2 protein chains.
Amino acid sequence: MFKVIHQDKKTRARLGEIITPHGKIVTPAFMPVATAGAVKTLSSEELMEMNYKLILANAFHLYLKPGVEIIKKSGGLHRFMNWSRPILTDSGGYQVFSLENTKVTEEGADFHSSLDGSSHFFSPEISIKIQEILGADIIMVFDECLGYPAEYKEAKKSMERTVRWAIRCRKVHKNSRQLLFGIIQGSIYKELRRRAIEELEKINFPGYGIGSLSVGEPEEMMLEVVDSLVPLMPENKPRYLMGVGKPAQILELIKRGIDLFDSSFPTQIARNGSCLTHKGKIIIRDSIFKNDTTPIDEDCSCFVCRNYTRAYLRHLFNAGELLALRLASYHNLFFLNHLMKETRKAIRENRFSSFYSLTKNTLKG
Amino acid sequence: MFKVIHQDKKTRARLGEIITPHGKIVTPAFMPVATAGAVKTLSSEELMEMNYKLILANAFHLYLKPGVEIIKKSGGLHRFMNWSRPILTDSGGYQVFSLENTKVTEEGADFHSSLDGSSHFFSPEISIKIQEILGADIIMVFDECLGYPAEYKEAKKSMERTVRWAIRCRKVHKNSRQLLFGIIQGSIYKELRRRAIEELEKINFPGYGIGSLSVGEPEEMMLEVVDSLVPLMPENKPRYLMGVGKPAQILELIKRGIDLFDSSFPTQIARNGSCLTHKGKIIIRDSIFKNDTTPIDEDCSCFVCRNYTRAYLRHLFNAGELLALRLASYHNLFFLNHLMKETRKAIRENRFSSFYSLTKNTLKG
């Protein structure tokens, strides 16, 4: 299902391939987030046009709305949202544990819907069942997530429970066309992370997510955890850092051997009027752009940069036009996908280190 | 600039062509409304894809935001919004007279911006100046608009003033590449409408808008006014009924000899979750559609109908996804443009009357 195509010589960066029933994903890859079955403001056609090969959807949100029965009757999530390429679904762990008043037992988690207050119960078995109905190509085990900071004792308990739940997930998962990934918990404690991957490897998942990072800890701390964890992870399985992130962070993590990323960051900042460029982030609402007839990014070839100016974008934001949110979201996702493509090219051509050095600072802008 | 290509034998419906610097418009035609330089939720690329040949923008809104200087520096409205086909701009008359506290003198109208309360003054000369800077292909005279009901005396005064203002507009309009249309006022009073067109024809405009209709009067009354007015209008000039409308109304008016239409109706109802179909309007949020895996309209070939189901659209609306507004807007405008195309075809093939009879009732649904 996964193979490393090329290993960078100076860093842990690597080029890989994941084969799924809906096609091949070349890694490192970034997944746009289609929480409720749509990447905010964008159509599936546009994501295909941008050449995204993998998107993420949330089992939790889709379970609450529209409900899995509707998606089942629609022929699965791919057909429901008209996306014929690979999908990864998150198990709902992160969302359930982000809610207040969630009650956790060994059996699973009781929670209240933030939409209507209704009571629900998620367990490893239920999460897998939901994800099987949704029919994503890659699905995730149901895990217990922790925020930052977390006490050692608490982190240990949660990591151990996540391992036990992973065993239960594996046991009930019947759809052999779906890849079920384990999730490594353990907060910022390297020892716990080490134990997590050892235990999960005994179950032998075909890939691993790294959970509870990028949840408020300093970036250096996140990178340290990754630095100590990646060498313990198998070479021949994809590594997915869940919930990251910013272009500069992604580059740092690729250097450290991470293969997959997801984040709502590019679309979220777009809706607030921020655009990614090769010279750093710009706030397009800013009055300095009012007569700027250049594109968002001179070096970007997306349709927004080819056809529209900063002055027009700024006007659309000021006039409250929804088109503003669309154009900025499109550009940011195009920009990030292009960055991933350039990064993969650099790895393939044995020049990742120099690419990293050149790109890193401009991205932080 | 305009010629009638084919006159229907049984009705006043006719096929025409308007030649502009940005291309040919085949009439009857409907203009999507790009109030602030964007058709709400849609890109210029999408309108081109739908094959719209003419859009409407508002001089009033663009004057207030972003301001004409910015559009001038951007190379005109066509370049600003990346639309290379014809544009018609409204003069601002309708908007200025829709505001509370507008003070009218023979010179022009003092008004306060609803955006920030700032004071502004519009006159025939200023409106033409603004529209020349925007650079639309068809521009409108600055007129005094009335709502419904309006007293005869008031309607007479306003019609006469609009004629005097039309003379002033004509006098200052220098850009020979732009067609300047006169506007026929006179509320529901046929006698006033008759006098208006007689006076305007002395100035000899290349086309005419009909103002202050579809402003709250019963539909029958609107049709009666049109029935009495159209025979008095020159055959060889385009007739534009401003602010209409609904598909069934458009069909009625084409039958009565109207060539051009504009309305925010299709996009406005789309954002509220209503979709036009060949079997009438449907409210896509309705729970009856929750498991409906058919397209919005089985007979529509737009990308929304080809790729997405009613169940998905309903879900997007319920989940508050902006994509819902886009897809519904796209479909409604595509649907209406297709209706216009079918109508033109029917006129060309001498079967407008039967087309009208067949289509009329289904549209009202």
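Colleague: Leaving aside its neighbours within four places in sequence, which residues is A:His331 in contact with?
Modeller: Here, contact goes by C-beta atoms, placed from the backbone, that lie within 7 Å of each other. Once you skip anything within four places along the sequence, A:His331 is left in contact with A:Cys275, A:Ile296, A:Cys300, A:Cys302, A:Val304 and A:Cys305.

Colleague: And what sort of model are we looking at?
Modeller: Residues are numbered from 1 along each chain as its sequence is written, with chains lettered from A and ligands numbered from 1 in the order in which they are written. Local features need pLDDT of at least 70 and side-chain atom pairs count only at pLDDT 80 or more, while totals for chains, interfaces and linings use all residues, and that's because this is a predicted model.

Colleague: Back to that histidine: is A:His331 buried or exposed?
Modeller: A:His331 belongs to helix H14 of chain A. The labels come from counting other C-beta atoms (placed from the backbone) within 10 Å: 20 or more is buried, 12 or fewer is exposed, and in between is partly exposed. A:His331 has 27 such neighbours, so it counts as buried.

Colleague: How far is the C-alpha atom of A:His331 from that of A:Ser301?
Modeller: Along the chain, A:His331 and A:Ser301 are 30 residues apart.

Colleague: Which helix gives the most to the side of chain A that touches chain B?
Modeller: In total, 33 residues of chain A are in contact with 33 residues of chain B. Helices H3 (68–73), H12 (303–307), H13 (310–318) and H14 (322–348) of chain A are the elements giving two or more residues to that side. With 5 residues, the top giver is H13(A).

Colleague: How do H6(A) and H7(A) sit relative to each other?
Modeller: Helices here are DSSP runs (H or I, at least four residues), strands are E runs of at least two, and both are numbered from the N terminus. The axes of H6(A) (residues 124–134) and H7(A) (residues 152–172) are 8 Å apart, at an angle of about 45°. Under 35 degrees is roughly parallel, over 145 roughly antiparallel, 65 to 115 roughly perpendicular, and the rest oblique. So H6(A) and H7(A) are oblique.

Colleague: Which residues of H7(A) do A:Pro124, A:Glu125 and A:Ile128 meet?
Modeller: Those three belong to H6(A). Across from them, in H7(A), are A:Trp165, A:Arg168, A:Cys169 and A:Val172.

Colleague: At roughly what angle do H8(A) and H9(A) cross?
Modeller: H8(A) covers residues 190–203 and H9(A) covers residues 219–229, and their axes come within 10 Å. A:Lys190, A:Arg193 and A:Ile197 in H8(A) meet A:Val225, A:Ser228 and A:Leu229 in H9(A). These helices are oblique too, and the crossing angle is roughly 40°.

Colleague: In S2(A), what is the bridge partner of A:Lys3?
Modeller: S1(A) (residues 2–7) and S2(A) (residues 14–20) run antiparallel, joined by 5 bridges. A hairpin through 6 residues links S1(A) to S2(A). Within S2(A), the partner of A:Lys3 is A:Glu17.

Technical notes. Axes are lines fitted to C-alpha atoms, for helices over the stretch in contact, and angles run from 0 to 180 degrees between N-to-C directions. Two residues are in contact if their C-beta atoms, placed from the backbone, lie within 7 Å. Two strands pair if DSSP finds at least two bridges between them.
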